[in-house]
Amino acid sequence: MEDSPPSELEFRVGQRVHASGDSRRIGTVKYVGPVEGHPGTWVGVDWDNGDGKHDGSIKGIRYFRAKSERSGSFVRPQNLSLGISLVEALEIRYRGDSTKDEEDEMYVLSASSRRVSIQLVGKDKVQDKLSRFEELTRASLSYMGVSSPGIPCHINTTVPNMKELDLTGNLLSEWKDVGAICEQLPLLGTLNLSNNFMSPYTSGLPLLKNIHVLVLNSTAVDWVQVQLLGQSLPTLEELHLMRNNISRILPTSSTVVQGFDSLRLLNLDNNCIAEWEEIMKLCQLRSLEQLYLNKNCLNGINYPDHAGKYESEVTCHRPFENLRCLLLGGNNIRDLASVDSLNLFPKLVDVRLSENLITDPARGGVPRFILIARLAKIQILNGSEISPRERKDSEIRYVRLVLSRLLANPEEIKQHPRFSELKKFYGIEEERTSTGTSGPQTMASGLLSITLKCVGPSMGEKPPLTKKLPAATTVGKLKLLCESFFKLQSVKLKLYLQEEGSPLPLLLDNDMASLFDFGIGNESIILVDEES
């Protein structure tokens, strides 16, 4: 804390500010007034990035309560900025000269790792085009310190054709200011307000018929505010709500969310939703095609066999009747019943389940081929398209695997709803030891063509080998064969099955299990590695 001359700037509690000279260091004013032992007026700020000095108290005196132990600090008013208007930001960004810092960042590295400055060819032509505001249709004003719309009518006369506006990381907090900006831009279709800490919405937005995409990531909005906002956005098609600590979906007048008639994509990634019951409240968004729920706290999925209370009260539409893409990565899903329930969604073809326990074989989950076999209609799994060849191979491997398990526990068939259908479709018989059989495929009766690839660091470069092996060959036996095939001595081997479309190979971790038991099919690739 340093003594400085008083400033004429006026601050109020709740106001958004940034540090002078650093528009990315943003915080909220929590206190304005004297601090014991230091003359003059001080502004207590709770910094968004948590990089402060204390929790709002000094020498036992509490002036405000910061969100963490070291996110608060006291700053002289002249060392803070109250921000600028939207039009001022446009002038600086698109008509101002490049700063020395920006020019210093324009370089390439030479062969000796030295910086070589570069000059953009055609830079003046591009700059000239961007400076003609009447032709500007897209603008990015991220972290420019925008805090207000400025003088009414100036926005429309300055950029009358603006269609996409990125206001990420500014100082906006009042919805009336957002409404004023949007009213001045009648062609505006995409608005990004991410990282603006918005005050609770009560009113302030006019009817915005042209906004189709609204991004509200990290804005502290909850679902009650979202529902109120929706009344002013009748044609909204995409709504992004990442990192808002949303844990509940709270419809205003029904058991399910209503309105949002045009909404096709809803992004709720990185929130705190734990119960699938909350997600079911979205099931009557009839235009919804994509629902992003990555990195929440969901522990299961359930599509009701009898829609009941989730059916539309007027037309009895099925839950999520048009949903095609459901992203569930990074949750706590651990049961196959949740996976099987995805088959009940009428039009679902794209699913993400990565970073869940159910997809991690090392923690009791299942490999990709089992997921593919259990998901009859899915065309894209974890971002990777399922080819017809991969689906066929996966389903045959799955049937083989289930057959081997049924020998030990016939009751397990209840846990495999698609098994009988797939077994019949591929004509797979149940004999494990018959030989010379023609017609339908038989288990463990023939030879499998297996390609073995050495990948261990101490094995050297060895060409892959393709061998015909009985399906009954155990993993332990295969390790011994690999030692002989590749002339490996004094090396403890680990074998992995390389699966198409899977980012990581599957560890064959049971020496007593056979290739058949692991569901390994013809033309599979096995990686030969060594213990670390």
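Author: First a term: a residue is buried if its relative accessible area is under 20%, exposed if over 50%, and partly exposed in between, with a 1.4 Å probe and protein chains only. At 8% relative accessibility, Tyr 201 counts as buried. This is a predicted model, in which local features need pLDDT of at least 70 and side-chain atom pairs count only at pLDDT 80 or more, while totals for chains, interfaces and linings use all residues. Residues are numbered from 1 along each chain as its sequence is written, and side-chain values use heavy atoms, with hydrogens and water left out.

Reader: OK, rings. How many aromatic pairs are there?

Author: Nine. Rings of Phe, Tyr and Trp (its six-membered ring) pair if their centres lie within 6.5 Å; planes under 30 degrees apart are stacked, over 60 edge-to-face, and the rest tilted.

Reader: Give me one. How are Tyr 63 and Phe 74 arranged?

Author: Tyr 63 and Phe 74 are edge-to-face, with 5.3 Å from centre to centre and 85 degrees between the planes. Tyr 63 is in the loop between strand E5 (61-62) and strand E6 (72-75), and Phe 74 is in strand E6, so the pair ties together parts that are 11 residues apart in sequence. Helices (H or I, at least four residues) and strands (E, at least two) are DSSP runs numbered from the N terminus.

Reader: Is Phe 74 buried or exposed?

Author: Phe 74 is buried, at a relative accessible area of 9%. Tyr 63 also counts as buried, at 16%.

Reader: And what does Tyr 201 pair with?

Author: Trp 175: the ring centres are 5.8 Å apart and the planes are at 85 degrees, so this pair is edge-to-face. It links distant parts of the chain, with Trp 175 in helix H5 (residues 175-183) and Tyr 201 in the loop between strand E14 (190-192) and strand E15 (213-215), 26 residues apart. Trp 175 is buried, with a relative accessible area of 4%.

Reader: Which rings form a cluster?

Author: Ring pairs link Tyr 31, Tyr 63, Phe 64 and Phe 74 into one.

Reader: Where does the charged end of Arg 95 sit?

Author: Over the ring of Phe 133, 3.9 Å from the ring centre. For that, NZ of Lys or CZ of Arg must be within 6 Å of the ring centre and within 35 degrees of the ring normal. Arg 25 lies over the face of Trp 47, at 4.0 Å from the ring centre.

Reader: New topic, strands. What is the order of the five in the open sheet?

Author: E6-E3-E2-E1-E7, with antiparallel pairing. Two strands pair if DSSP finds at least two bridges between them. E6 and strand E7 (80-81) are the edge strands, each pairing on one side only.

Reader: How many bridges join E2 to E3?

Author: Seven join strand E2 (residues 22-35) to E3. One partner across them is Gly 44 in E3, for Tyr 31. The two strands form a hairpin with two residues between them, and Gly 37 in the turn has a positive phi of about 90 degrees.

Reader: What about E3 and E6?

Author: Strand E3 (residues 38-47) pairs with E6 over four bridges, again antiparallel. Asp 46 has Gly 72 of E6 as its bridge partner.
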